[in-house]
Amino acid sequence: MKIRANQLSSHLKKSLAPCYLVTGDEHLLVSEAVDEIRDAARKRGFGSRELHVATTGFDWAQLSSSTGNLSLFADLRIVELRLPTGKPGRAGGEAIVNLVEQSGPELLLIVVAPKLDRSAAASKWAKALEQKGVGLQIWPIEARELPGWIAARMRSLGLQPDRDAVAMIADRVEGNLLAARQEIEKLGLLLGEGKVSAEDVASAVADSSRFDVFKLTDAALAGDARRAVRILGGLRAEGVEPVIVMWALTRELRQLATLHDAVRQGVDLGSAMKRARVWDNRQALLRGCISRHQPGDFHRMLKASGRADAAAKGQRAGDPWQMAADIVVGMAH
């Protein structure tokens, strides 16, 4: 059967299906849904977990072999399979169908994939998962829904935000839910439970000694490579999700590429920044960064940020932090 994201909690309280297909492009919401399924399974005695990521060259035969003899294991097992492309291929599709057949009281199968296109959604392996278990499509939070999501998230931590506080956070994170979660958790630590105003949010941000992704991008724009790398190290040490870092860098690079292209086409940079609604206090940073680079530089860095983002999400090999370091140095130089 298929269920909506807001039905997952009530479903798990009543029962645990033998298999789940969780799909969607919103990294945080997909991750939290999978966490919720795993927690429910552990409460029902599933004591071990195997994680498989089907990147290029993945050995489907080895996966089938590892799950072939359940009697060798004392614990009930969770087998979690991540499909970065959502297309396992013929061999992968057959292996998933076999895993679905094995799933049951001793084996819980969780397949995680991005939003499936029409052909993948109609494939035999996807249909097998939904017929025996549960299909869960995670939809992104729309811009108009974001303030409500932020307010609910804050209330779950004991914070009681007013409308202006919620609006300030929504404006700061610009739709990135991972960044929103981090801002809210930071406020919970700094302010504790109780009422939260926009002034509280501004004060907490100003008083926080934490490095943040906004300071990282500003250092890179300013040409201070040493400080940018130091901030990046601080973010990593604090446990910041690399996906958030790549979101911030990609957003900045996309704007730089657009502005640089406009200048090459004869548009005045000041007019282009005004059209792009660049804040007055950031125009000098962007102007300086653009002046340091040649045509094509920002587009090359955008491609690199796409690869780093995929690595941060486990969709390709590589160290996203090293990739991010290369990008911020490239922006700064």
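Leaving aside neighbours within four places in sequence, Val-53 is in contact with Phe-58, Arg-82, Pro-84 and Gly-314. The residue itself belongs to strand β3, which covers residues 46-53.

Now show the surface at this position.

Arg-277 stands 224 residues from Val-53 along the chain, and the C-alpha atoms of the two are separated by 41 Å.

Proceed to a pair of helices. Select residues 213-221, which form helix α11, and residues 242-264, which form helix α13. Their axes come within 9 Å and cross at roughly 40°. The two helices are therefore oblique to each other, and the crossing of α11 past α13 is right-handed.

Display the side chains where these helices meet. On α11, the contact is made by Val-213, Phe-214, Leu-216, Thr-217 and Leu-221. On α13, the contributing residues are Ile-244, Val-245, Ala-248, Leu-249, Arg-251, Glu-252 and Leu-256. Sorted by class, the contact comprises nine nonpolar residues, one polar residue and two charged residues.

Finally, colour the chain by pLDDT. The average is 88, and 95% of the residues score at least 70. Which element has the lowest mean pLDDT? Select residues 198-207: this is helix α10, with a mean of 74. Strand β2, residues 19-23, has the highest mean, 96. Where pLDDT is low, the predicted coordinates should not be read in detail.

Note on methods: Residues are numbered from 1 along each chain as its sequence is written. This is a predicted model: local features need pLDDT of at least 70, side-chain atom pairs count only at pLDDT 80 or more; totals for chains, interfaces and linings use all residues. Side-chain values use heavy atoms; hydrogens and water are left out. Axes are lines fitted to C-alpha atoms, for helices over the stretch in contact, and angles run from 0 to 180 degrees between N-to-C directions. Helices (H or I, at least four residues) and strands (E, at least two) are DSSP runs, numbered from the N terminus. Angles under 35 degrees count as roughly parallel, over 145 as roughly antiparallel, 65 to 115 as roughly perpendicular and the rest as oblique. A crossing is left-handed if the near helix is turned anticlockwise from the far one by less than a right angle, and right-handed if clockwise. Contact means heavy atoms within 4.5 Å. Ala, Val, Leu, Ile, Met, Phe, Trp, Tyr, Cys and Pro count as nonpolar, Asp, Glu, Lys and Arg as charged, and the others, Gly among them, as polar. pLDDT is the predictor's confidence in each residue, from 0 to 100.
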